[in-house]
Structure formats: structure tokens, C-alpha cells
Number of protein chains: 2
Amino acid sequence: MSADRHEAPPLHPVVAPLAFLLGTWVGEGQGEYPTIESFAYTEQITVSHVGKPFLAYAQRTWGLDDGRPLHAETGYWRCGPDGHVELVVAHPSGHVELGAGTVSGTSVTLASTSVTGTPSAKYVRALARQVDVDGEHLRYRLDMAAVGQALVPHLRATLLRASADRRG
Amino acid sequence: MSADRHEAPPLHPVVAPLAFLLGTWVGEGQGEYPTIESFAYTEQITVSHVGKPFLAYAQRTWGLDDGRPLHAETGYWRCGPDGHVELVVAHPSGHVELGAGTVSGTSVTLASTSVTGTPSAKYVRALARQVDVDGEHLRYRLDMAAVGQALVPHLRATLLRASADRRG
């Protein structure tokens, strides 16, 4: 009944435009925001599939200085026609994010169509993501509009592919 | 930079009311809905923590007959004061779900406060979840209001605890 007992299937053709994201990526990033002190982090991103028309996405970060857990997020990538992509993500801060955008080559540009929070979550209005894969490197930038701020840079990181085509 | 390199911390006291959910659970369930044929599935649920004030949640199901991947979902549990609990979940169907409810003993009752979908997702209006842990058994029921239907039973399953206190 565990994932290991099921054969790894081929990638579903619908998500082939995002195949370049598959794998485990590790690296370092930097965070900033007008309301907080800047910080540096290590990160692991995993993108995997089970042969169905979506990719599973999970991310975690740790403080670069002391290894304490920082952020995490988890969700799924979807593909539509004509390079259209969608991202659905849950955040432990009590937010859920719907993103829509496009993939061109090995670059993805996304803007949130909705960010919704639980009653106890801080107010986040919008997120924008840019992800670029160049060979074995994945670089991303995340802008955020939260707690009264405009959509301004929040995170940027560079990760290396630590393992290839990852099946869920 | 992987999770394995970081020590397993103690559970954050804020999420202690949900500690009974921690672990890996495996079992079987049944699905029904007015618009589809009934189906049976095997399931694995993992609830883990990293010492922060949330629990990480991931679930996958496979067809009981042929082992093909069916549903998956992933997100986080949060706790507020006075037995209040929150759930944020991403679904590969293109939905994100915010749930709010209460925990009493080892039972959780949740109703969605919002279910939002990407442009390509089918319409889901509401979800309601009941989770009960009794010793080594976890039983849940999920009701769904989707594609023009009222909030009616969709899933019910019984799982056994396959491993205890799981750290992320």
C-alpha cells in the first residue's frame, strides 16, 4: 500500500512541457521584505510524478546559519494548452495559493489568481513566481504583496539538480 | 541540505492537540458520488512535523483492483485556541481548500471555509471532513458538494497506524 509497491509509470504527456522541473533540487537563497530582516536559507525542492496529468511539488527551507526549519510549501503543477500552466499550493502559514501563467522553454512565469488565508493567517494579497532552469541549475524569484506592502521582491534562490526524473 | 541532516525536534506545543494524527497510516476506503460509479481504494496518509506550529499532511490513494494512482492531496494542519483547528490543502485536481473546525479528544470535525479552483478545475463548492482516531485505527469521512450536487457523502475509509510519531 505504499508508493514503493507501485511501478514507476511514464510521464503523462499533458505535463511534458514541465518535465524540466522534475527531480530533487538543493541550494541556497536569500529572503528580504520591507517588514522583516533579510535572511539566508538552504532549500530542497522536489518535483515528482505518478503518471497522471500533474506534477507533485514540495519545498522546504532551513536557516543557513543554524539549520532551523523555516518555510515549507506543497502542492501540484498542472498544464493546459498553449503553454498555460497552473500551480496550487498550500502554505503552513495558513494560506492556499492558486497561480496561473505560462511556460516557455525552461522558464515559467506565474501570478497568483487567488491567495486565501485561514482566520489565523497573516494577510497575503498576491504572489508572483519566476522559475528558470538552465542545465543543472534552477533559479527562482518570488515577489509577494503582504501586510500592506506592494508586490515587491521577497525570495530568490539558485539550486542544483541533485537527482533526476523523480517518480512519486 | 536534506531533511535527514537535521535533528528531529520535539513537537511544538501549539499542535499538541493534534498529536494523535502523527504517523503513517495505511488502509482501504470506498468512494461514491451521484455522478460517478462507486470505487474502492487503498490509501496512505502521512502526518509529520518539524518542531514548528503546524503538522504536514500528505495523502495518496490507489485503485483497490489495479493499483493505479487515484487521488492525492497535500497540505498542513494548524491549531488555534480552544480546540480550534485549521486545514490548508492543495489538490492535484486544481483546487485549494481551507478548512476550519474543532478537535475534541481524538476526533476532528472540519468544514471548508473556501474551496477555490484554477480555470481548468471542475467546480467544487464545499468539503466537510470528520476524522476519528481510536487506538491504532483512523477512520474518516469526507462529504463533498461539487458539480451541482448538495453536500453528500463521497469518501469513507479505515486506516491502521503503520508507524508512529513521524518527523518531517
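This is a predicted model: local features need pLDDT of at least 70, side-chain atom pairs count only at pLDDT 80 or more; totals for chains, interfaces and linings use all residues.
Trainee: Okay, rings next. How many aromatic pairs are there over all chains?
Mentor: The count comes to six. One of them is B:Phe39 with B:Tyr41, a tilted pair with 6.0 Å centre to centre and 35° between the planes.

Trainee: Why give both a distance and an angle?
Mentor: Because a pair of aromatic rings is described by the distance of the centres and the angle of the planes.

Trainee: Got it. Is B:Tyr41 buried or exposed?
Mentor: B:Tyr41 counts as buried, at 1% relative accessibility.

Trainee: What kind of pair do B:Tyr57 and B:Trp77 form?
Mentor: That pair is edge-to-face, with 6.3 Å centre to centre and 75° between the planes. B:Tyr57 sits in strand 3 (residues 55–63) of chain B and B:Trp77 in strand 4 (residues 69–79) of chain B, so the pair ties together parts that are 20 residues apart in sequence.

Trainee: Buried or exposed, those two?
Mentor: B:Tyr57 is buried at 7% relative accessibility, and B:Trp77 is buried at 5%.

Trainee: Switching to holes. How many cavities of 30 Å³ or more does a search of the whole structure find?
Mentor: Three. The largest cavity has a volume of about 150 Å³. B:Tyr57 turns up again here: of the 14 lining residues, B:Ile45, B:Tyr57, B:Arg129, B:Val131 and B:Tyr140 lie nearest the centre of the largest cavity.

Trainee: Which strands supply that lining?
Mentor: Strand 2, strand 3, strand 4, strand 8 (124–134) and strand 9 (137–146) of chain B each supply at least two residues.

Trainee: And how do the residues of that lining divide?
Mentor: Into ten nonpolar, one polar and three charged.

Trainee: What about pockets? What volume does the second largest pocket have?
Mentor: About 1,200 Å³. The lining of the second largest pocket has 42 residues, and A:Phe39, A:His71, A:Ser93, A:Met144 and A:His154 lie nearest the centre.

Trainee: Where's A:Asp82?
Mentor: In the loop between strand 4 and strand 5 of chain A. With 79% relative accessibility, A:Asp82 counts as exposed.

Trainee: What about phi of A:Val147?
Mentor: Phi of A:Val147 is also a positive value, near 35°. A:Val147 lies in the loop between strand 9 and strand 10 of chain A, and A:Val147 is partly exposed, with a relative accessible area of 42%.

Trainee: Last topic, contacts. Which residues does B:Thr35 contact, leaving aside neighbours within four places in sequence?
Mentor: B:Val147 and B:Gln149. B:Thr35 lies in the loop between strand 1 (23–33) and strand 2 (36–49) of chain B, and B:Thr35 is partly exposed at 47% relative accessibility. B:Thr35 and B:Ala146 are 111 residues apart in sequence and 9.6 Å apart in space, C-alpha to C-alpha.

Trainee: And what does B:Ala162 touch?
Mentor: Not counting residues up to four places away in sequence, B:Ala162 touches B:Thr24, B:Trp25 and B:Val26. B:Ala162 lies in strand 10 (residues 152–163) of chain B. Its C-alpha atom is separated by 9.3 Å from that of B:Gln44, 118 residues apart along the chain.

Methods:
Residues are numbered from 1 along each chain as its sequence is written. Chains are lettered from A and ligands numbered from 1 in the order in which they are written. Side-chain values use heavy atoms; hydrogens and water are left out. Rings of Phe, Tyr and Trp (its six-membered ring) pair if their centres lie within 6.5 Å; planes under 30 degrees apart count as stacked, over 60 as edge-to-face and the rest as tilted. Buried means under 20% relative accessible area, exposed over 50%, partly exposed in between (1.4 Å probe, protein chains only). Helices (H or I, at least four residues) and strands (E, at least two) are DSSP runs, numbered from the N terminus. On a 1 Å grid over the protein atoms alone, a cavity is a set of points where a 1.4 Å probe fits but cannot get out, and a pocket is an open set with protein on both sides within 12 Å along at least five of seven lines; lining residues have an atom within 4 Å of a point. Grid points are joined across faces, edges and corners, and a volume is the space filled by probe spheres set on the points. Contact means heavy atoms within 4.5 Å. Ala, Val, Leu, Ile, Met, Phe, Trp, Tyr, Cys and Pro count as nonpolar, Asp, Glu, Lys and Arg as charged, and the others, Gly among them, as polar.
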